[in-house]
Each structure stands twice: as structure tokens, then as C-alpha cells.
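Please read the following model with me, one feature at a time.

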Amino acid sequence: MKDHLEDVEFAAALVGEKLAGKVAEHLEACVSCRRQLAGMRCWIEERRDRTERDAPDWQDQWERIAARLDGVAASRPHRRWLRPAVAAAAVVAVAVGVGIMQLPEGEDVRSELAVEEILAETDALLADDTIPGFEVIDPGLEGLQDDSDNGVS
Amino acid sequence: MPTREDLSQSEDRLVLRARNGDREAFGELVRRHQRRVWLVCRQYLEPEDADNASQDVFVKAFTGLASFDGRAALTTWLTRIAINTCLDVLRGRRREGVVASSSDGGDGEDVLGRIPDDRVCPETRAMQRDAVSRLAECERALPERQREIFRLRFFAEMELEQIAEALGVHVGTVKTQLHRAVRRLRDELGDAR
């Protein structure tokens, strides 16, 4: 007869998976393995039953969740291309500005904006998360943290 | 009866609608997953805390739906949020010096008192009376990772692959830890080993 159930076989038996022929045969014949399995199953099932008894009323839980959603908005897919695009546009703007300033004297085109100003404006633009497309990833999470800190559920 | 694929497709549509702020669609997603989320939270926290954590999970999910890219199943994504939320709660408590409870709500003696008499024969029941009380104790003493995986598998009824994805580990790791846990508990039961 096969030796006692391996742990992998025992775990499979615990969740009710179909056992290979020899494993099933052993289990049928071996009182020791059967007792172990019965004891463990009994304990697991009882724990599951007890857990289910602790479960909240699902509709009530949803209503509490829905109430909390009133203050938050679902996040939309981010326009991930926008930030790099703005950065690229800024680089182009700087390059054009530098090019214009380096034109030979006598040409009738002059820069009216210093490079530093362009860079400063770009930095300010990039730093401003409130412009469209620059939203924080999970605006509701910050509020959520505050809520939980305050004991609000 | 709808197939698993039908359900998955309808779930994709629900996610899309919820992402656009459709509260009804999100409510349907909550109804489909709230038991699983709560079961997972319950493996880490006491009932009331598990309820609060479950609510947090769904609020986080609603606000973070844009980051759900569909590569993992929604249930796995929610489970991951649930585990992280519970671990945050536990970490917060450790920082505050609150001692975490065993979160299983009772010892073996209490367990045995509630097992219906007609479930097993008297002999088995006598054996179980002693063994189950040892099992509960032994399970609480398992290394943290083994206990976590054991609970997710047998008490939260998760598949091995789901556990692996949710914990961000290889499924082989889950199996190894699970079988070590099973071995320890079997050793506790004696006899066959």
C-alpha cells in the first residue's frame, strides 16, 4: 500500500480536489490519514462557518460604502502623454528662443523673452498639478487617509 | 446560465461604466466581490475592523479604477488592495503599541463546543476534541507567511494562483509555504507522520 499522504496530497484532499487513484485508495484504507483529514476538515469548516456568522449585512455595507463615495470621484484614465508633450514643447520653445537670440546682428528678428523666463514658466507649468491632465493619480486616497485618521468609516 | 467568460465580459463593461462615475455599475461590482474582500480582510482583522477595512478597499477601488489595467482579474486586484489595507491597519497599530489579536475569535475548546453532534461519529469527535484545540493553537503559532497563506487558502477559499498574484510571489512559493503549514498541523495531529 502507498505510504501516508504527502502534504501536497493532503492539502488537495482538504479542499476536496479529486485525488489520484492510489491516493484515494490509501485514504480509503488508512485510518490514520482519514482521522487526520477529518480532524483538519472539521476545524476548517467550523472556522469558515464562524467567520460567515461574523459577516456584515452586505446591503448595509454597500450603503455605507456608497455614502462614502459621495465625497469622492472615480478617477479617469490618465493622459499619460500630456506631461511629456508639455515638456517637449517647452524644450522646443527654449531651443527656438535660443536660436532667435543667436541670430546675427542686423537681422530684424529679436527675442522678447529671456530664456530664464521661458524656463521658469515651464517649471511653474509642470509643477502645477491642477491643470487638466495633471491630476494626482488617486485624488480620493488622500481624503480617505484623512477619513480613517478621523475614525470615519 | 452565463459562462465565466460572459461574466468576465460583463464585468469589464461594469468597470468601464464605474470608471466613468456610474455608481450603479460600481454597486454591482461591490455586490459581486464584497464577500471575498471581507473574507480576506477577516483573515487579518477582527470582524468590525474587517468591515471597516472592506469599505476602505472599495472606496480605494472606486477612486483608483483608472489604474486597474485588466491584466489581473478584478478580484485579484481587489484582494491585493484588501491585503495592503489590512497590513496598513496592523502596521498602524504596531506603531501605536496596540497588540494585535489572533483574529480567529476563539480557541479550540470554544470551537468544539459549537461543532454539531451529528457531524461526526463519537470516536472521531473524541479524537477531534483534543486535536482541534491543538490545531487552533498550532495555527496561531505558524510563521507569519505560512499562517497568512494557510488562511487565505482554507478560510478565505482562494486559489493558489490568486494568492500568488495577490501577494506578488511565485505560485511555487505559495505551495511550499502552504505545504509546510499543513505539515506542521499534521504533526500536531500525530499518527500518520
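This is a predicted model: local features need pLDDT of at least 70, side-chain atom pairs count only at pLDDT 80 or more; totals for chains, interfaces and linings use all residues.

Q: How many helices and strands has chain A?
A: Helices (H or I, at least four residues) and strands (E, at least two) are DSSP runs, numbered from the N terminus. Chain A has 7 helices and 0 strands.

Q: At what angle do α1 and α3 of chain A pack?
A: Two packed helices are described by the angle between their axes and the distance between the axes. Axes are lines fitted to C-alpha atoms, for helices over the stretch in contact, and angles run from 0 to 180 degrees between N-to-C directions. Helix α1 (residues 7-14) of chain A packs on helix α3 (residues 31-54) of chain A at about 45 degrees, with axes 10 Å apart. Angles under 35 degrees count as roughly parallel, over 145 as roughly antiparallel, 65 to 115 as roughly perpendicular and the rest as oblique; α1(A) and α3(A) are therefore oblique to each other.

Q: Which residues of α1(A) and α3(A) meet?
A: Contact requires C-beta atoms, placed from the backbone, within 7 Å. A:F10, A:A13 and A:L14 of α1(A) meet A:L37, A:M40, A:R41 and A:I44 of α3(A).

Q: Which residues does B:C41 touch?
A: Leaving aside residues up to four places away in sequence, B:C41 touches B:A50, B:A53, B:S54, B:A82 and B:C86.

Q: Which residues have the most contacts inside the largest nonpolar core?
A: A nonpolar core is a set of buried Ala, Val, Leu, Ile, Met, Phe, Trp, Tyr and Cys residues joined through C-beta atoms within 7 Å, where buried means 20 or more other C-beta atoms within 10 Å of the residue's own. The largest such core has 55 residues, and B:V40, B:C41, B:V57, B:F62, B:A82 and B:C86 have the most contacts inside it. Helix α2 (residues 23-42) of chain B gives the most to this core, with 8 residues.

Notes: Residues are numbered from 1 along each chain as its sequence is written. Chains are lettered from A and ligands numbered from 1 in the order in which they are written. A residue is buried if 20 or more other C-beta atoms lie within 10 Å of its own, exposed if 12 or fewer, and partly exposed in between; C-beta atoms are placed from the backbone. Two residues are in contact if their C-beta atoms, placed from the backbone, lie within 7 Å.
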